[in-house]
Amino acid sequence: METIWQHELVLPYILNELKEKIESITPVRKIILYGSRARTPLKDWEKLEGKDWDIIVVCDFPITNTHIWTKELHYHIDLSVTTKERMDHFEKYNVPIIELFPRNELEITKINTHGKHI
């Protein structure tokens, strides 16, 4: 269970497998990280052990019951699949976010995602 907090293992799932599952239903426009990981520099993420991953996937239409994609692997991901219009409240209230897709705004230049580099 402790591996779920390691970004080297969770980010590849978010950027590959989870993205593919969602894209089988609707195009993925953006993947956004918010919450404690968006407020904490990457170099300090080891201090976040025990914190979940707060992820918003922006698509053409919202999807409910997304927990099935994270529960099966026991990843602690708070996942919302929503539209651009519903995402606007984050910008409106200046919630810190980091874009993971299509642009990677993390402080690292490349994330190895099962052979693919983002």
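Start by selecting Glu-105: at 33% relative accessibility it counts as partly exposed (buried is under 20% relative accessible area, exposed is over 50%, and partly exposed is in between, with a 1.4 Å probe and protein chains only). A salt bridge here is a side-chain nitrogen of Lys or Arg within 4 Å of a carboxyl oxygen of Asp or Glu.

Some housekeeping before the next pick. This is a predicted model, in which local features need pLDDT of at least 70 and side-chain atom pairs count only at pLDDT 80 or more, while totals for chains, interfaces and linings use all residues. Residues are numbered from 1 along each chain as its sequence is written, and side-chain values use heavy atoms, with hydrogens and water left out.

How many salt bridges does the count come to? By the rule above, 6. For another one, select Lys-19 and Glu-23, whose closest N and O atoms are 3.3 Å apart. Both sit in helix H1, 4 residues apart, about one turn of the helix. (Helices are DSSP runs of H or I with at least four residues, strands are DSSP runs of E with at least two, and both are numbered from the N terminus.) Lys-19 is buried, with a relative accessible area of 14%, and Glu-23 is partly exposed at 35%.

Now pick Lys-30 and Glu-99, where the salt bridge spans 3.8 Å, N to O. Lys-30 is in strand E1 and Glu-99 in strand E4, so this pair ties together parts that are 69 residues apart in sequence. Buried or exposed, where does Glu-99 fall? Glu-99 counts as buried, at 11% relative accessibility. Lys-30 is partly exposed, with a relative accessible area of 30%.

One last stop for this theme: select Lys-43, Asp-44 and Lys-47, which are linked in a network of salt bridges.

**A buried arginine**

Go to Arg-37, in helix H2 (residues 36-39). Arg-37 is buried but has no salt bridge, and the nearest side chain of opposite charge, Asp-52, is 6.7 Å away. For charges, Lys and Arg count as positive and Asp and Glu as negative; His and the chain ends are not counted. What does the side chain of Arg-37 reach? It gets to the backbone oxygen of Lys-51, at 3.3 Å.

Click over to Asp-52 itself, in the loop between H2 and E2. Asp-52 is partly exposed, with a relative accessible area of 30%. Draw a C-alpha to C-alpha distance from Asp-52 to Asp-78: they are 26 residues apart in sequence and 6.8 Å apart in space.

**The sheet**

Switch to cartoon view. You'll find 4 strands forming an open sheet, in the order E3-E2-E1-E4, with mixed pairing. (Two strands pair if DSSP finds at least two bridges between them.) At the edges are E3 (77-83) and E4 (97-101), each pairing on one side only. The twist averages 25° from one strand to the next; axes are lines fitted to C-alpha atoms, for helices over the stretch in contact, and angles run from 0 to 180 degrees between N-to-C directions.

Colour E1 (residues 28-34) and E2 (residues 53-59): they run antiparallel and are joined by 6 bridges. To see a partner pair there, select Ile-31 and its bridge partner in E2, Val-57. Bring in helix H1 (residues 7-23), which packs on the sheet, touches E1, E2, E3 and E4, and makes about 30° with the direction of E2. Helix H4 (residues 84-92) also packs on the sheet and touches E1, E2, E3 and E4, its direction making about 120° with that of E3. Contact means heavy atoms within 4.5 Å.

Select Val-58 and you'll see it stands opposite Thr-82 in E3. E3 is mostly covered, with 5 of its 7 residues buried.

**Zoom out**

Select everything. The chain has 4 helices and 6 strands, running α-β-α-β-α-β-α-β-β-β from the N terminus on. Buried residues make up 45% of the 118 residues. Among contacts between residues at least 6 apart in sequence, 67% join residues at least 24 apart.

Key
Polar contact = N/O pair within 3.5 Å; in protein donor to acceptor, adjacent residues only side chain to side chain.
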